[in-house]
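Here is a short report on one protein model. Please look over the sequence and the structure before reading on.

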Amino acid sequence: MSQCIKSFIQNLNIVIGCTIGCSYCYARNNCRRFHITDDFSVPEYMSRKLRLLDNPRPHNFLLTGMSDFSDWHPEWTDEIFDRIARNPQHACLFLTKHPERINFHTDLDNVWMGVTVTCEAEKRRIADLRRHIGARHYHVTFEPLFGDIPDLDLEGIDWVVIGTETGRRKGKIEANPQWIAHIANQAKACGIPLFMKEELVPIIGEEKMIQELPQSFIHQRL
């Protein structure tokens, strides 16, 4: 049986808010629904949550579930990464849609820097990730998937995640099985672990689901 990715990765939203304004943004809707901040378009730093990184039990944390790393202020980044460095028991994942806006480097082995790609026009973000962000581990999330994405350059990528749009947005686009298979085949050809998110089951069927984690997650974090 396929498992929810939240069984493996926990959101740790130390920064909440994003300036990008994607029409399909679930985080913005949740922020408004639960009145988390006054204005989601103005990112806020919740420094009190830093203490959660001191949990001695290993976790896989996604720190950009309700923000984009390109919006983080340098002083926030410095403080958060200092705390991450002091807690190597955790794997800490980050995502951005604008790697070209970032100039950042980390040698921490428990940090995973990634980009979100939704269509062919955005696949340049993968090259921009490698060019503008120095890290030991890179990952790419194809979610929501809005079209076929051929000729991917996945050199140096350590993990690929595929998902589809959820929610009830007018004009919602459901991923096509062929788009999913095309990305999956490219990842497999490069020997990259692939994780298909659970919402793909109704689209491709349980028997075609692949849910692989990087070995460092499997052996060190779970």
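Which residues of helix 1 are buried? This is a predicted model. In helix 1, which covers residues 26-34, the buried residues are Ala27, Arg28 and Cys31. Viewed down the helix axis, these buried residues fall within an arc of 100°, so they line one face of helix 1. The general rule is that an α-helix has 3.6 residues a turn, so residues three or four places apart point the same way.

What do the buried residues of helix 1 pack against? Their partner is strand 2, residues 15-16. The other side of helix 1 has Arg33 and Phe34, which are exposed. Histidine 35 follows helix 1. Its phi is positive, near 55°.

Now the whole chain. The protein chain has six helices and 11 strands. Its radius of gyration is 17 Å, close to the 17 Å that the globule rule gives for 222 residues, so the chain is as compact as a globular protein of that length. Buried residues make up 54% of the 222 residues. Among contacts with a separation of 6 or more, 68% come from residues 24 or more positions apart.

The table lists further values for the chain.

| Property of the protein chain | Value |
|---|---|
| Span of the C-alpha trace along the principal axes | about 45 × 40 × 35 Å |
| Distance between the centres of the positive and negative side-chain sets | 5 Å |

The charged sets hold 26 positive and 29 negative side chains.

Definitions and conventions:
Residues are numbered from 1 along each chain as its sequence is written. This is a predicted model: local features need pLDDT of at least 70, side-chain atom pairs count only at pLDDT 80 or more; totals for chains, interfaces and linings use all residues. Side-chain values use heavy atoms; hydrogens and water are left out. Buried means under 20% relative accessible area, exposed over 50%, partly exposed in between (1.4 Å probe, protein chains only). Helices (H or I, at least four residues) and strands (E, at least two) are DSSP runs, numbered from the N terminus. The arc is that of the directions from the helix axis to the C-beta atoms. Contact means heavy atoms within 4.5 Å. The radius of gyration is taken over C-alpha atoms; the globule rule is 2.2 Å times the number of residues to the power 0.38. Lys and Arg count as positive and Asp and Glu as negative; His and the chain ends are not counted. The place of a charge is taken as NZ of Lys, CZ of Arg, CG of Asp or CD of Glu.
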